[in-house]
Amino acid sequence: MMKKSKSKPMTQILERLCKFDYIDVVIFPEEVILDEPVENWPLCDCLISFHSKGFPLDKAVEYAKLRNPLLINDLNMQYFIQDRREVYRILQEEGIDLPRYAVLNRDPNNPEECNLVEGEDHVEVNGEVFPKPFVEKPVCAEDHNVYIYYPTSAGGGSQRLFRKIGSRSSVYSPESSVRKTGSYIYEEFMPTDGTDVKVYTVGPDYAHAEARKSPALDGKVERDSEGKEIRYPVMLTAMEKLVARKVCLAFKQTVCGFDLLRANGHSFVCDVNGFSFVKNSMKYYDDCAKVLGNMVMRELAPQFHIPWSIPMEAEDIPIVPTTSGTMMELRCVIAIIRHGDRTPKQKMKMEVRHPLFFELFEKYGGYKSGKLKLKKPKQLQEVLDIARLLLVELGQHNDCEIEEKKSKLEQLKTVLEMYGHFSGINRKVQLTYLPNGQLKASSEEEDSQKEGPSLLLVLKWGGELTPAGRVQAEELGRAFRCMYPGGQGDYAGFPGCGLLRLHSTYRHDLKIYASDEGRVQMTAAAFAKGLLALEGELTPILVQMVKSANMNGLLDSDSDSLTDCQQKVKARLHEIMQKNQSFTQEDYQKLAPTGSPSLVNSMDLIENPVKTCDKVHALIQSLTSQIRKRLEDPKSADLQLYHSETLELMLQRWSKLERDFRMKSGRYDISKIPDIYDCIKYDTQHNASLGLEDTLELFRLSRALADIVIPQEYGISKAEKLDIAQAYCVPLLKKIQLDLQRTHEDEAVNKLHPLYSRGVMSPGRHVRTRLYFTSESHVHSLLSIFRYGGLLDEEKDQQWKQAMDYLSAVTELNYMTQIVIMLYEDNNKDPSSEERFHVELHFSPGVKGCEDEENVPLGFGFRPASSENQDKQPNQGSLEDLSQDQPDQAIPISEPITIQRRCPMIRNRKTGSMEVLSETSPTQSTKGSSSYRLFPSRQSPEVKPASGLGSLRSGLFSASVLGVSSSAPNLRDYVRTHHHHHRKPPLSPGSLPCQIELFSMPAVKRFSVSFARHPTNGFEGCSMVPSIYPLETLHNSLSLKQVDEFLNSVCESSTETHAKTMKALSGLFDSQSQSSLYSPQQPLSSSGSETSLRPPSRPLWCEFINAYIVI
C-alpha cells in the first residue's frame, strides 16, 4: 500500500506540489489508515485517495463523508473499477468503443450450470459466438490472469498473461480449452500489430500516452539499463483525446490510466485502471503537478485568481533531418517474398457420387458457386466420417451401390487420419460440381462413364513449412534489418538508429501480409520473429502481426481457374515436350523465344525430352524398389525420416508419381515434372542419410526438365508472360503503387511524441515497411512484369541490360526468393523535382540449391556505387583492416546516378544502405576494388581479392551465417577465421565489354554476427539448412515518377482484370485490410490508415509531393 504512495512518480509530483505557496502535503501513515478510526485521521481540504491491495476503501469513503474534502479521484467509483463487468457497462453507456464482449457469470457452488458452449474453434456465451482468437478475462480487475485462445489453423493453444514477473509477462501454453471455474468476460481479439497504448489523464483536458510491446506477443518484457519496462510516448489522435476526456469524467477519476487497442483504424478501450502515473518522465511530472495544483487552488482558494493554464501538446511534428549533411532518407521498403522450404505438395483426385457427399456439398453452400473448399477441422472430420462409413459398408457387402473406388477411399481416410489431429494448415478438400459426370478419365480411372451429376473431390496435403524453412525465414528476417539506417550491428553505436530501435520507438510503420496458405503464413510469422527479435512460439506472432491478404487475389491465386492464355501455353508446352527426337532449332525458337541462357542450357542438357523422361521414369522405379527393399528390412522398418515422415509415406509419395507420370497411353504427363523435382529436391536435402542410389542423377535430370516447364508455364513469349503475369499480379501492383505513394505520416500509425522523447534523435522519422509473403506464381509473375513490362529500355540503359542478363541466367526462383523495392527521399531537392524521390529495385533468387555453388550466375552486388571521375575515390578499406574505427562520415551529394560512367566514385550515400564508408582519401585509386560480373571467371594476377563488405556480401544475407545480434562475436574475429568462405571470384579489368567497375561496400564498423541456434544449422550442405543468396541490385537510379507511370501503364493495359482489381482493392481497404489473419471484421471509419481509395486523377507522385508540402 505504502509502496505506491512512496513511489518515485508520486514523490516527484508531491515535491512539485509543495512549491505552490498555499499547499501543504501530508501523507497518512499506513498504521493510522489501518488501525485508527477515521475520526483520528489527519484533517485535510483536499484528498488524494486510491484503492490498492489491502487498502480499506470503506474507511476512506467514511472519512470523506465525515470531513467532506475536495476529492481528486471519486471514491465510490473505485468500487466499480474493481469489477471489469461494471467498467465495460460504464464504457458502453458513455458510447466509448470497446471490443464486442459477453459476460459469463458462474455460480461458485454450481459451476456446471452456465450458458457456455465450447466448440473446437469458438465459444458461445449466452448465445453469442466468439470465434478464435478470443480473449478470456476474469471479472475481478485485480486478477491479471487473462488468456488469449488461438485457432487451430494458426497452431492452437493459448497465451497466458499475468502480472509481470522479472522479464516475463506471458507464456504460451498448448492448452486450447477455456477455464471451467470462475466468472469471465469473453471478448473478440483485436489485431494491434503487437503494440498496446497506455493513456494517463490528469483531469479531462490532459492526457499522456505511451506505447509498449504487447504482452501477448512473446511475453518478454523489454527493460532498460535501470530495469524499467521500455515504453515510448506516442501522439494521440483527436478522437482518442475525446475518449480520454470521456473516461476521466465517466469514472470521476482526475488521475486515471486506461488501455487503448489501436486496430482496424479504430481505438478501443479494453481496461480502466483508475489512479496511475507515468513512470520516468520529468515533463509529465511537471505537467501533472501544475494541473493538480491549479485545480486545488481554483476550487479551494478562488480569491487568489489562479490563471487556468493547461500544458499544451505540440500537435504536429516537424520532419526532423535524420542525419547531418546531405543524406538521402529511407522512406519505404516493400518486399515480396516466397515462402520457405516445405514438404512436398501432394494431391489425389476422385469422382464421388454418394448422397452423403452431395449433402455435405449443399450444407456448406457449394451450389452457389459450384465449388467448395473445406479446411476447418470440423469439416475435414465430416469428410473422414463419410469415408470411414463407406469403407465399412464396402467391407460388409461388395455388391452394394457404392461407386467410389475402395483404394481411393482408403487413401482419403489415411491422409485425413495423419498426425492424429486436424490442423487446417496442412490439409484441405476441394469439391467441384460436375453436372454430367467427369469429362475425361485420368490415367488411373477406368473408361466406364456413368450418367448423371457427380462431384470431383480433390484432396491436397503436404506443403507444410519445414523446421529448415522456419530457420531460413527467421534468419532472413534478421539479415533484413541490415537494410535500415544503422543496420550494422548494435544500433550502429549511437542511439536513434537501427531497425529495432526504429520499430520499438514507433517510428516504423510495419504491415505484414500473407496469402491464405499455412506455409506462407508461418513463413511470414518466422520472418517477423527474426526481423523484430521476438522470442518463443510462432502462433502468437502469426495471429497478431500477419494480416490475411486473401482479398480477392492480392496474394492468392486460384490455381484451378487458369486463364485461357495459361491453358494454351500449357498445351503448347506439353506438345513440344512429347517429341521423341532431339530439340531442333525450331524447338529452341518455340520454347525459348526470349533466348534465356537458363532455358537454353537446360534444353542442351535434355537433348531429347522423351528419352530424358524415360530416364527419369526408370530412376523413379529404381527409387521405389530401393524403398520397398528397405521396408522389408526389419532394421529400417521403423525408420523416422525428416519431419516425422515414415518410409511407408515416402513410398506412397514416389509410387503415386511413378503411376501418374507415365500415362496408360505411354505418353508422359508433363504437369508432373514440377512434383517430381519437388520430391527429389526435398529428399536429397533432408533424407540424404538413407543413402539411396542415383538420387543426384534424378535430381539433375528432373531439375533440367523443371527449369523449362516451371517458368514456361507462366508464358513462353514475352507477350504471354506479360498477359499471365497481369492476371495474377494487378491487385498487388496497385497496392505497391499505393505503398510508394502514401509514405507521409498516417493518422492511424503510432507516432512518437517529440516533447517527451528522451534519447531519440529524430522523433519525426517514419519508415514504412510492407512485406508480402506469397507463393511461386506471384513471384514469377511480378518478375515478368518488371522484366517485360517496359520499365526501362535495355538498349539505352546499361545497368538494366546487365540486370536482365543476370535474371535470364537465374534458373529457379527458389524458396525465400525476394523482390525488394526501396524508396528514398533527398530532402535537399526541390519538393516538386523528379529527383526528390528515388527508387531502387533489388532481387535474390532465394535459397541455395544442393549443388549450386559452381554454376551460379553472379549479379553486381547489393547497391553497387555509380561512378564519377577517376580522381576522387573512396579508400576501399579492407576486411583485415578493421582495427581503426573511424567515425562514419557523410559524403556530399554528387550528380544524379548514371551507371554508364567509367569508374567507381563517391555517390549519393543513402541512410538505410548497408554501406558505411570509411574516411575518403582522394589520392588513392581503386585498382584493388572488386567488380562482379554475371559469370565467374578465373582471377587474373593483377587483381587483388575483393575487399570491403562486398566480399562478405554473399555471407551477409546467408540465412545460416549472419544475423545482427548484440551478443554475437565481433566481425573482425569472424572475418579472420572465415574469410575464405566468402570470396567471390574477382575479375580481370578487361573481362567486361564496357569495363564497368562496380565497387563493393567498404569496411563496416561495429558489426556482429550470429549463427542460427538450430540443430540442423551450419554452412551450406544438403542435410543442413541451406543459406540464401544475397540481394543483388537490379537498378539503383529510378525516379518515383518513372516507377509510378510504369505501374500505371501496366495496370491500365490489363483491361479484363481491371474490374476484378478494383473489387479486390476495395475489399483490401475495407475492414479486412487492417484486420489480422484471424481478426473479427469491423466497419472502418474514414480515418483508417489505408482506407480511402480513389483512382488518382493525377500521377501519384504529384499527390505525394503535395501531401508532403502540406506536412
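Student: In strand β20, which residue is the bridge partner of Leu374?
Tutor: This is a predicted model, in which local features need pLDDT of at least 70 and side-chain atom pairs 80 or more, while totals for chains, interfaces and linings use all residues. Numbering starts from 1 along each chain as its sequence is written, and side-chain values use heavy atoms, without hydrogens and water. Strand β19 (residues 371-374) and β20 (residues 427-434) pair in the antiparallel sense over four bridges; strands are DSSP runs (E, at least two residues; helices are H or I, at least four), numbered from the N terminus, and pairing takes at least two DSSP bridges. Leu374's partner in β20 is Val429.

Student: How many of the nine residues of β25 are buried?
Tutor: Buried means under 20% relative accessible area, exposed over 50%, and partly exposed in between (1.4 Å probe, protein chains only). In β25, Gln818, Val820, Met822, Tyr824 and Asp826 point one way, while Ile819, Ile821, Leu823 and Glu825 point the other, and all are buried. Strand β25 (residues 818-826) is therefore largely enclosed by the rest of the structure, and its buried count is nine of nine.

Student: How far apart are the closest N and O atoms of Arg89 and Glu86?
Tutor: Both sit in helix α6 (residues 84-93), and because they are three residues apart, about one helical turn separates them. Arg89 is partly exposed at 31% relative accessibility, and Glu86 is partly exposed at 24%. They form a salt bridge (a Lys or Arg side-chain nitrogen within 4 Å of an Asp or Glu carboxyl oxygen), and their closest N and O atoms are separated by 2.6 Å.

Student: Is Arg353 buried or exposed?
Tutor: Arg353 meets Glu351 in a salt bridge of 3.1 Å, N to O. Glu351 is partly exposed at 22%. With 17% relative accessibility, Arg353 counts as buried.

Student: How many salt bridges does the count come to?
Tutor: Another salt bridge links Glu517 and Arg519, with 2.8 Å between the closest N and O atoms, and both residues are buried. Shared partners also join Lys164, Asp196, Glu210, Arg212, Glu229 and Arg231 into one network. The count of salt bridges comes to 54.
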